[in-house]
Amino acid sequence: MPESAPIPSGRPHSAAFWFGASRALRSRVKVLPEHARGHNRALVLETLYHAGPMSRADLARATGLTRVTVSELVAELIDDAIVRATGTREVTGPGKPAALVDVDRGGHHIVGIDMFASDVFSGALLTLDGEVIVRDTVERPADDDGDATLAAVLDLAKRLIAASDRPLLGVGIGTQGLVDPDGTVLSSPNHGWHDLPLQRQASAELGLPVIVRNDANAAALAEYTFGSGSGDFVLIAIGRGVGAGIVSGGQLLTGSRFAAGEIGHVVIGTDSGPRCVCGRNGCLEAWVNVGRLTAAIAEAPEERDRILRDAGERLGIALAPILAALDLSDIVVSGPDELLTDAFFQAVVDTLQARTLEGVFDDVSVRRTAQTEIVLRGAAVAVLSDQLGIS
């Protein structure tokens with residue numbers, strides 16, 4: 001029977017120029033014998049990716065695999081140009097110095113695309129360790145025309161692909177809306193998409209593996225893997241819309257309808273409110289989206305704190321039942337720095353405390369993410385996970 005090893009619950013810290021210290025999302029899927037080799041290959045790659053250069057003996061100890069299995073897998077990965085020899089370890093005593101291997105971090109590129117911003121779609125060409133080689137943007141179609149939006153995304157991807165001088169591992173796309181595991185966008189009102197097989201169409205057009213994920217879920221994965229998120233948190237992404245990625249018990253929650261975290265179209269309050277793109281009045285993202293808040297502040301700059309306190313209160317109203325139902329410990333917010341002020345965060349905290357059981361959630365953290373380009377990083381993680389088993 002092929003050898004197998006459990007997925008580790010944690011990883012060692014890595015050097016600063018890699019993606020950073022990270023944890024694997026907990027696996028609840030049994031590894032079958034016929035899948036063991038692929039699992040072990042991913043285990044070796046993931047260990048190297050997060051720990052840095054190691055000897056084959058180091059890898060065997062870290063993964064629990066035999067030295068024979070590790071040597072076979074490393075040889076295969078070197079042949080595939082995914083892993084490379086990096087020299088030998090310095091030794092001061094007797095004995096032959098150990099030969100070190102590592103993921104060839106610059107040997108392949110990844111294209112990441114972030115469709116969350118209110119005015120442009122952003123893209124980047126990244127190395128496997130997340131270093132940005134090239135950045136590019138394309139204007140977001142003004143009328144939410146689905147065909148024009150698709151054309152803009154594909155054009156951006158093609159420009160970034162043309163800029164690469166290395167083999168491409170794939171293209172990751174973070175988009176608003178409901179996205180199923182096959183990369184079909186079931187509904188995205190902000191993009192004019194319904195039942196669009198984006199992953200399949202983009203892959204056929206670009207000639208590369210394409211992975212499509214909900215942008216807030218991608219951001220949550222990036223925060224959990226590379227940021228300081230605990231095993232129980234919600235990532236709120238504020239841009240043209242508002243989305244949430246939820247990690248509970250070390251699991252990214254997607255839901256039976258792939259709609260977990262779709263809080264943007266929850267109506268907040270009973271006072272009607274602004275018209276939402278979905279056609280209703282008073283949805284959370286109609287209250288809190290970047291365009292509305294920026295315009296309101298520009299019209300009445302002296303009312304800045306009041307406007308942002310109101311936005312924080314609306315967000316707190318939406319988050320209170322989620323916080324209570326899942327007993328989350330951390331709320332992380334991603335959005336423009338100029339809108340994520342102390343007044344905004346204090347209003348979120350005050351509203352949460354006023355709307356949940358007294359004393360129970362007083363220690364909940366509400367903070368701004370330290371991650372930059374978080375959706376792009378999440379898109380890159382999606383490609384790494386799909387193509388190499390690295391998460």
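Me: How many aromatic pairs does a search of the whole structure find?

Reply: The search finds two aromatic pairs. The model is a predicted one.

Me: What makes the pair of F344 and F345 edge-to-face?

Reply: The label edge-to-face needs planes over 60 degrees apart. For F344 and F345 the planes are at 80° and the centres 5.5 Å apart, so the pair is edge-to-face.

Me: How do you know whether F344 and F345 are buried or exposed?

Reply: Buried means under 20% relative accessible area. F344 has a relative accessible area of 1%, so F344 is buried. F345 has 10%, so F345 is buried too.

Me: What makes R314 count as lying over the face of W287?

Reply: The CZ of Arg has to be within 6 Å of the ring centre and within 35 degrees of the ring normal. R314 is at 3.6 Å from the ring centre of W287 and lies over its face.

Me: Why are strand 1 and strand 2 said to stand at the edges of their sheet?

Reply: The sheet is open, has three strands in the order 1-3-2, and is paired antiparallel. Strand 1 (54-55) and strand 2 (83-88) each have a single partner strand, so one side of each is left without a neighbour in the sheet. Helix 1 (residues 36-51) packs on this sheet and touches strand 1, strand 2 and strand 3. The direction of helix 1 makes about 95° with that of strand 3.

Me: How do you know that strand 1 pairs with strand 3?

Reply: Pairing takes at least two bridges. Two bridges join strand 1 to strand 3 (residues 99-103), and the strands run antiparallel. S55 stands opposite L100 in strand 3.

Me: What makes strand 5 and strand 6 a pair, and how many residues lie between them in the hairpin?

Reply: Against the requirement of at least two bridges, strand 5 (residues 120-127) and strand 6 (residues 132-139) have seven, in the antiparallel sense. L125 stands opposite V134 in strand 6. The hairpin has four residues between its strands. In the turn, G130 has a positive phi of about 90°.

Note on methods: Residues are numbered from 1 along each chain as its sequence is written. This is a predicted model: local features need pLDDT of at least 70, side-chain atom pairs count only at pLDDT 80 or more; totals for chains, interfaces and linings use all residues. Side-chain values use heavy atoms; hydrogens and water are left out. Contact means heavy atoms within 4.5 Å. Axes are lines fitted to C-alpha atoms, for helices over the stretch in contact, and angles run from 0 to 180 degrees between N-to-C directions. Rings of Phe, Tyr and Trp (its six-membered ring) pair if their centres lie within 6.5 Å; planes under 30 degrees apart count as stacked, over 60 as edge-to-face and the rest as tilted. Buried means under 20% relative accessible area, exposed over 50%, partly exposed in between (1.4 Å probe, protein chains only).
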